[in-house]
Amino acid sequence: MVGLLGYFLIAFYGNSFESFFLFLILANLGLALTDVATDGFVVEESDKNNVTRIQGITQGSIRVAAFITSFFSGLLIYTEIFTPHQMYFLAAAFPLITFVTSFFIHEKPVDKLSLLEPDPKDSFTLESSLERRASK
């Protein structure tokens, strides 16, 4: 919602450099929050074997989406189909889509006791490493 607010403010009130700059910081803060939440979901839902692959996919997707939206927004402004203010209004749809789809994420319930007792398989102590080698 922070990104949505930033883009709406640019679309309606971004008439000076100062206001545009402040509203763009707000929009990018929303993007940063979304990126942190995405990284959290990746870490939470993946195991240590595929976390780097999934992290790469999400970062690559962000970069491809940024390129596509930058290219087409520039093209639409250049051909005078949209004004810059209209383009920022349209860009506000993307954080809105992210916000709406976030309600469809179903997290697994966590037992409070499982948070207090670490799983011995996830331990990386020297003793557990020596025990695993000895059992092989």
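This is a predicted model: local features need pLDDT of at least 70, side-chain atom pairs count only at pLDDT 80 or more; totals for chains, interfaces and linings use all residues.
1. Of its 136 residues, 15% count as buried.

2. Helix 2, which covers residues 17–45, has 29 residues and reaches 42 Å from its first C-alpha to its last, close to the 42 Å expected at 1.5 Å a residue. Within helix 2, the residues Ser 19, Phe 23, Ala 27, Gly 30 and Val 42 are buried, and what covers the buried residues of this helix includes helix 1 and helix 3.

3. How do helix 2 and helix 3 lie against each other, and at what angle do they cross? Their axes come within 9 Å and cross at roughly 155°, which means that helix 2 is roughly antiparallel to helix 3, the cut-off for that description being an angle over 145 degrees. Helix 2 passes helix 3 in a right-handed crossing. On the side of helix 2 the contact is made by Asp 35, Thr 38, Asp 39, Val 42 and Val 43, and on the side of helix 3 by Val 51, Ile 54, Gln 55, Thr 58, Gln 59 and Ile 62. By class, the residues of this contact divide into five nonpolar, four polar and two charged. Val 42 belongs to this contact and is also listed as buried in helix 2.

4. A further pairing joins helix 1 (residues 2–13) and helix 4 (residues 84–91), whose axes come within 8 Å and cross at roughly 160°, which makes helix 1 roughly antiparallel to helix 4. Helix 1 passes helix 4 in a left-handed crossing. Tyr 7, Phe 8, Ile 10, Ala 11 and Phe 12 of helix 1 make the contact with His 85, Tyr 88, Phe 89 and Ala 91 of helix 4. The contact of helix 1 with helix 4 has eight nonpolar residues, one polar residue and no charged residues.

5. Is Ile 97 buried, partly exposed or exposed? This residue is found in helix 5 (residues 93–101), and Ile 97 is partly exposed, because its relative accessible area is 48%. Ile 97 and Leu 4 are 93 residues apart in sequence, yet 9.7 Å apart in space, C-alpha to C-alpha.

Note on methods
Residues are numbered from 1 along each chain as its sequence is written. Side-chain values use heavy atoms; hydrogens and water are left out. Axes are lines fitted to C-alpha atoms, for helices over the stretch in contact, and angles run from 0 to 180 degrees between N-to-C directions. Helices (H or I, at least four residues) and strands (E, at least two) are DSSP runs, numbered from the N terminus. Angles under 35 degrees count as roughly parallel, over 145 as roughly antiparallel, 65 to 115 as roughly perpendicular and the rest as oblique. A crossing is left-handed if the near helix is turned anticlockwise from the far one by less than a right angle, and right-handed if clockwise. Contact means heavy atoms within 4.5 Å. Ala, Val, Leu, Ile, Met, Phe, Trp, Tyr, Cys and Pro count as nonpolar, Asp, Glu, Lys and Arg as charged, and the others, Gly among them, as polar. Buried means under 20% relative accessible area, exposed over 50%, partly exposed in between (1.4 Å probe, protein chains only). The expected span of a helix is 1.5 Å times one less than its number of residues.
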